[in-house]
Amino acid sequence: MRRIYLDHAATTPVHPEVARAMAPYFSKDFGNPSTLYSYGREAKGALEEAREKVARLIGAKHPEEIVFTSGGTEADNFALSGIAWANEKKGNHIITTSIEHHAVINVCKFLEKRGFEVTYLSVDKYGLVDPLELKRAITNKTVLISVMHANNEIGTVEPIEKIAEIAREKGIYFHTDAVQTLGHIPIDVEKMEVDLLAMSAHKLYGPKGVGALYIRKGTKIVPFLYGGEQENKRRASTENVPGIVGFGEACSLAQKDMAEEVKDLTYLRDKLIQGILGEIKNSRLNGHREKRLPGNVNVSVEGAEGESMLLQLDLAGICASSGSACTSSILEPSHVLTAIGLSPEVSHSSLRFTLGKENTAEDIDYVLKVLPEIVERLRSMSPIYQKDK
Ligand code: PLP
């Protein structure tokens, strides 16, 4: 059966060139980068080369501003708790948004239990943060602002430059979760003026279990893991050399292919959006029409339950998601869809398709053939959906 993968925001396949670059570091070049003999030196060299590649993709001035982590979750945790604990004498207030990934929200919840105050900014119906509301939320106790670069569910790209400008004016650290944007839209930490930026390799055709936190030089932060002196004493534990090498390679490939990919994915995305809205009555697009990730389509389809649509799509060989992959085992309405004002019922009838490198116009045609039939079938079985609405 034909299989079409449309869940690239959950994870991406490792690019063959990435896998090739990683392979020697599992066997032949297996050294520990902290050792002084040749095996170790070679591994250390590979690590530093990867660091330069990641730094280049995000425009970091100094490669040592990149600290490798076990993924996006650790990078977010490190940023939030590291800044909170290092600056607690200055203040105990953090500002974030109600649509962050749980990797940010749940650290904030933990910090609240430890005496920090957290403001969760609301967003408008497109999922956009209002920089003026942010400005108003700042107090003389605010030590950190954390606003994601783009949302993983609805794909909305936030006004990061404006937010960073406000943070800079007030002398407050600014962190952004760029897990969904790295390698997909341009990032320049110097132009964006961010102090911390979280990344993950498996969202850009790199391996799972590796990521990084960009930490601007001079930022006051305490480590997240204590132990050895790896990563300039900022992140203990023997480095995941094959993973980091793969991450570096994925960043180089993304840098080379980004412009082309943005063009291709935007075309396919718009074809899918127009097709769904045109073919399926009482469907709506979630997120912003233009300020959105090139590969993200999130729709709500009245009268058809998200999980049922997913199962039917799966039977037709199509992999999608009904909200965030990280929470899709919990059948609660997505906090992001709720935050943009959808009722629990409409949230439960939402689907997310996230497109990637290997998708084609034929894949989209196939979805546009299969999905309306599925919706029609589910609606005909629904005791509450009125057909002639
Ligand atoms: N932040 C965002 C926006 C994400 O989409 C994800 C993963 O889906 C994460 C953080 C967590 O990244 P990781 O899976 O590498 O821990």
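Colleague: Leaving aside its neighbours within four places in sequence, what is aspartate 195 in contact with?

Modeller: Aspartate 195 is in contact with Arg168, Ile172, Tyr173, Phe174, Tyr214, Ile215, Arg216 and Thr219. Contact here means heavy atoms within 4.5 Å. A word on ground rules. This is a predicted model, in which local features need pLDDT of at least 70 and side-chain atom pairs count only at pLDDT 80 or more, while totals for chains, interfaces and linings use all residues. Residues are numbered from 1 along each chain as its sequence is written, and side-chain values use heavy atoms, with hydrogens and water left out.

Colleague: What makes the link between the side chains of aspartate 195 and arginine 168 a polar contact?

Modeller: The distance is 3.1 Å. A polar contact is a pair of N or O atoms within 3.5 Å; within protein, one must be able to donate a hydrogen and the other to accept it, and residues adjacent in sequence count only if both atoms are side-chain atoms. At 3.1 Å the pair is within that limit, so the label holds.

Colleague: Is aspartate 195 called buried or exposed, and why?

Modeller: Its relative accessibility is 7%. Buried means under 20% relative accessible area, exposed over 50%, and partly exposed in between, with a 1.4 Å probe and protein chains only. Therefore aspartate 195 counts as buried. It lies in the loop between H7 and strand S7 (196-200).

Colleague: How do you know what is a helix or a strand?

Modeller: They are DSSP runs, numbered from the N terminus: helices (H or I) have at least four residues, strands (E) at least two.

Colleague: Which residues of helix H6 are buried?

Modeller: H6 spans residues 160-170, and its buried residues are Ile160, Ile163, Ala164, Ile166 and Ala167. They cover an arc of only 160° around the axis, which puts them on the same side of H6. The arc is taken from the directions from the helix axis to the C-beta atoms. In general, an α-helix has 3.6 residues a turn, so residues three or four places apart point the same way.

Colleague: What do the buried residues of H6 pack against, and what is exposed on the other side?

Modeller: They pack against helix H5 (131-137), strand S5 (142-146), strand S6 (173-177) and helix H7 (189-192). On the other side of H6, Lys162 and Glu169 are exposed. Just after H6, glycine 171 takes a positive phi of about 70°.

Colleague: Where else is phi positive, in a residue other than glycine?

Modeller: Phi is near 50° in glutamate 231, and near 55° in asparagine 232.

Colleague: Why do glutamate 231 and asparagine 232 get the labels they do for accessibility?

Modeller: Glutamate 231 has 6%, so it counts as buried. Asparagine 232 has 53%, so it counts as exposed.

Colleague: Now the ligand. How many residues surround it, and which are the closest?

Modeller: 14 residues surround the ligand; the closest are Gly72, Thr73, Asp177, Ser200 and Lys203. A residue counts if one of its heavy atoms lies within 4 Å. Helix H3 (residues 72-86) gives the most to this shell, with three residues.

Colleague: What makes up the shell by class?

Modeller: Three residues are nonpolar, eight polar and three charged. Ala, Val, Leu, Ile, Met, Phe, Trp, Tyr, Cys and Pro count as nonpolar; Asp, Glu, Lys and Arg as charged; the others, Gly among them, as polar.

Colleague: Back to the protein. Why does aspartate 7 get its accessibility label?

Modeller: Its relative accessible area is 10%, so aspartate 7 is buried. It lies in the loop between strand S1 (4-5) and helix H1 (16-22). A polar contact of 3.1 Å joins its side chain to that of arginine 352.

Colleague: And what does isoleucine 4 touch, not counting residues up to four places away in sequence?

Modeller: Isoleucine 4 touches Gly317, Ile318, Cys319, Asn359, Asp363 and Tyr366. It lies in strand S1.
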